[in-house]
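Please look over the sequence and the structure below before reading on. The report then takes up a few parts of the chain in turn.

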Amino acid sequence: MKRHDVSTEKFLNRIRKLPVSDHDLLRNAFDFAEAAHRGQLRDSGDDYFIHPVNVAWILLDMGSDPETIAAGLLHDVLEDTQCTGDEIQDRFGKNIAVLVRGVTNLQHYTYSAPRSRMNRQSENFRKFLLSVVDDIRVLVVKMADRLHNMRTLGYLSNERKNRIARETMDIYAPLANRFGLARMRWELEDLAFKHLMPDVYKQIATLVNEKKGARDAYIEMVLEPVGTLLSEAGIDAEISGRSKHLYSIYRKSISRNIPFEDIYDLAAIRIIVDTIAQCYETLGILHRNFEPLEHRFRDYIARPKVNRYQSLHTGLIGQQGRVVEVQIRTREMHAIAEEGVAAHWKYKELQSDVRADNRFDEQIGWIRNMLSQESASPAGEFLEYFKMNLYPEIIIAITPEGDYIKLPKGSTPVDFAFAVHTELGFRIIGARINGKFVPLRTEIKTGDRVEVIAGSTPNPGRDWLEFMKSHKARQKVRTWLRRREMEDAIRLGEEIFEKRVRKAHLKLDDEEFAAVLKQLKITDVKQLYARLGKGSLLFNDFLDIVCAMREVDDTCDTELEIGSKEVTEYQGVRIGQIDSLLIHYAKCCNPVPGDEIVGYTTRGRGITVHRKDCPNKGFRKLLTEEKERILPLQWDRPSPNGKTGFTVQIMVLSKNRRNMLKEIVNAFSRMHIELTEARMEHDVEGARGWFSFRIQHRNELDRVFSTLRRLPKVLHVERIDGKR
């Protein structure tokens with residue numbers, strides 16, 4: 001007998017403490033089952049009867065009613081002995097006979113069987129669910145049966161262990177969750193996890209054991225002040241540390257993409273009080289005395305989960321700056337959270353309204369809906385359809401080949417493509433759902449058949465992040481976009497650098513170049529290009545360091561043509577060596593630092609600065625007709641009282657697209673560039689937008705052009721200056 005098995009003597013001793021009628025019923029069932037199974041052995045070599053005794057013990061431990069416990073003792077007699085259903089009904093009554101028959105309906109079911117046997121398996125599972133609809137206790141007995149089998153898998157072959165563990169993870173654990181059997185669910189998941197991923201299981205188990213002492217000490221540190229606060233408020237509460245299950249640690253680590261250690265280091269406590277009002281009062285006390293984490297708050301009392309689970313969840317910053325997860329619930333909520341439907345009868349008489357009965361009926365209604373779909377499902381596919389609907393938080397989509405893809409609720413074809421294969425996700429350009437073309441942001445529903453249309457090259461859009469639901473896929477898209485933006489910045493920065501170096505006739509040997517990078521705290525040339533391309537560094541900053549190293553004065557015009565260099569802030573011009581002229585910037589071309597400029601000497605208004613390529617026809621005429629009034633100008637450092645930037649106007653052409661204006665405005669926000677005007681017009685041919693903004697240098701304008709041209713559906717970007 002396995003060390004965690006309960007002996008027949010221990011079981012009998014416990015039922016002797018029950019009321020006489022209950023004891024007599026269970027002793028009668030015990031004797032009947034023992035006689036029926038006499039001589040049968042388990043794979044371990046133990047008497048077979050030890051299995052139904054332990055199933056009954058699990059049910060007894062849950063506080064199940066005597067009929068359910070008796071069914072646990074008898075659940076295998078129809079399958080493995082010569083006893084008949086009529087015998088059980090004659091001896092124990094109709095209710096217990098219904099329970100035993102219901103559990104027996106699933107005994108012939110074999111997971112992952114050949115397709116030729118799927119029809120029979122589907123029929124067996126359908127009969128089982130029909131029995132559950134008649135009496136939900138059939139489900140509870142079957143879960144106890146599966147739990148003891150999982151506890152005693154050690155003597156089976158690896159192939160059988162893996163098959164049963166996979167079945168448990170795919171069917172039984174989700175089913176336990178769906179019906180609120182939390183304690184069973186956690187243990188089933190951990191046991192299946194142990195057999196399916198033994199190395200990862202061992203790694204997490206070792207971590208848990210190593211940190212148990214430190215974690216328990218911290219929990220005690222948290223419990224003391226929380227208990228004091230609630231006691232002072234007159235709230236009688238049970239407060240305890242809440243253990244994390246191994247598979248839960250693994251699942252959260254994967255979904256949040258953080259190490260196992262960080263998940264386990266989160267302290268978790270549970271607070272159980274008498275009333276719903278005290279739940280909210282306790283929440284208020286905690287939030288007043290500890291820093292709450294808003295994104296961790298969930299109110300499952302006002303909005304229970306589909307499995308009738310109710311609690312308040314919150315996250316706090318506790319001692320030592322560590323996060324503490326807190327659950328707050330009433331005693332009744334706690335029983336239902338732990339025992340689910342098994343607690344329904346226990347608390348039914350305590351209900352002051354019909355809400356609990358309604359939620360219970362919803363669970364039965366869910367099974368009825370599954371059964372109503374069975375006739376519409378192809379032969380043998382009912383079980384797969386059932387699996388699809390076990391998780392209320394997920395959907396199941398179907399590939400053209402008939403494979404099932406599990407996705408978060410609200411997922412789109414983009415999430416689906418990444419779930420099939422990362423490369424397919426990057427290259428998706430269109431999709432069909434159930435044979436119809438749909439936008440990429442269309443939500444998929446369970447049972448939809450999805451076909452992905454892929455391009456030849458990766459081309460994720462930043463707008464995908466607005467509608468993608470899969471955390472891992474979103475992370476992949478963000479990483480790809482950051483890498484592409486970095487590559488674009490490096491390419492643009494290299495162009496800027498080479499152009500300005502040629503213009504400045506600058507020559508640097510390797511040693512001098514390395515010294516400049518060191519002063520700029522830049523590790524390599526790619527980082528230099530990236531900063532130039534992003535606009536966080538201007539070429540003038542680079543040139544200033546060269547000048548300082550060579551002890552060249554800013555006004556000097558020796559081997560470096562300093563007059564052509566850029567500067568960090570540009571709000572003035574220089575004509576030769578003369579500063580502080582009365583100048584105006586032409587509205588027809590809006591010159592900015594970095595543009596090649598000339599000046600036109602006006603009558604009585606000083607000098608008007610134009611770009612050399614100013615599109616104004618009148619100014620182009622003056623360039624030829626009044627050459628004597630045209631002055632060569634160079635950008636120079638501003639006076640402290642200069643203007644704060646230069647206005648530029650651009651026009652953007654794009655295809656018609658929802659939220660196009662929002663995407664462009666968001667792009668400017670990410671570049672930290674101030675928009676002074678933004679508007680778009682749409683027609684049948686597309687969209688046209690006009691944008692005005694302030695910049696300090698032409699480098700920033702180059703960055704704007706590069707960024708906007710990368711936006712999905714943008715066709716053309718051009719500088720229009722003052723003309724519309």
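Which residues in α22 meet which residues in α28? In this predicted model, D488, L492, I496 and R500 in α22 meet N699, D702, R703 and S706 in α28. An α-helix has 3.6 residues a turn, so residues three or four places apart point the same way.

Two packed helices are described by the angle between their axes and the distance between the axes. For α22 (residues 471-503) and α28 (residues 698-709), the angle is about 145° and the axes are 11 Å apart, and α22 passes α28 in a right-handed crossing.

| Helix | Residues in the helix | Span between end C-alpha atoms | Expected span |
|---|---|---|---|
| α10 | 21 residues | 29 Å | 30 Å |

Because 15 of its 21 residues are buried, α10 is largely enclosed by the rest of the structure.

A loop residue comes next. D135 is placed in the loop between α8 (118-134) and α9 (137-151), and since buried means under 20% relative accessible area, D135 with its value of 12% counts as buried. The side chain of D135 is joined to the side chain of R137 by a polar contact of 2.7 Å.

Leaving aside neighbours within four places in sequence, L675 is in contact with V665, F668, F691, S692 and F693. Of these residues, F693 lies 18 residues from L675 along the chain, yet the C-alpha atoms of L675 and F693 are separated by 4.3 Å.

Finally, the whole protein chain can be considered. The protein chain has 28 helices and 20 strands, and 50% of its 724 residues count as buried. Among the contacts with a separation of 6 or more, 67% are between residues 24 or more positions apart.

Definitions and conventions: Residues are numbered from 1 along each chain as its sequence is written. This is a predicted model: local features need pLDDT of at least 70, side-chain atom pairs count only at pLDDT 80 or more; totals for chains, interfaces and linings use all residues. Side-chain values use heavy atoms; hydrogens and water are left out. Helices (H or I, at least four residues) and strands (E, at least two) are DSSP runs, numbered from the N terminus. The expected span of a helix is 1.5 Å times one less than its number of residues. Buried means under 20% relative accessible area, exposed over 50%, partly exposed in between (1.4 Å probe, protein chains only). A polar contact is a pair of N or O atoms within 3.5 Å; within protein, one must be able to donate a hydrogen and the other to accept it, and residues adjacent in sequence count only if both atoms are side-chain atoms. Axes are lines fitted to C-alpha atoms, for helices over the stretch in contact, and angles run from 0 to 180 degrees between N-to-C directions. A crossing is left-handed if the near helix is turned anticlockwise from the far one by less than a right angle, and right-handed if clockwise. Contact means heavy atoms within 4.5 Å.
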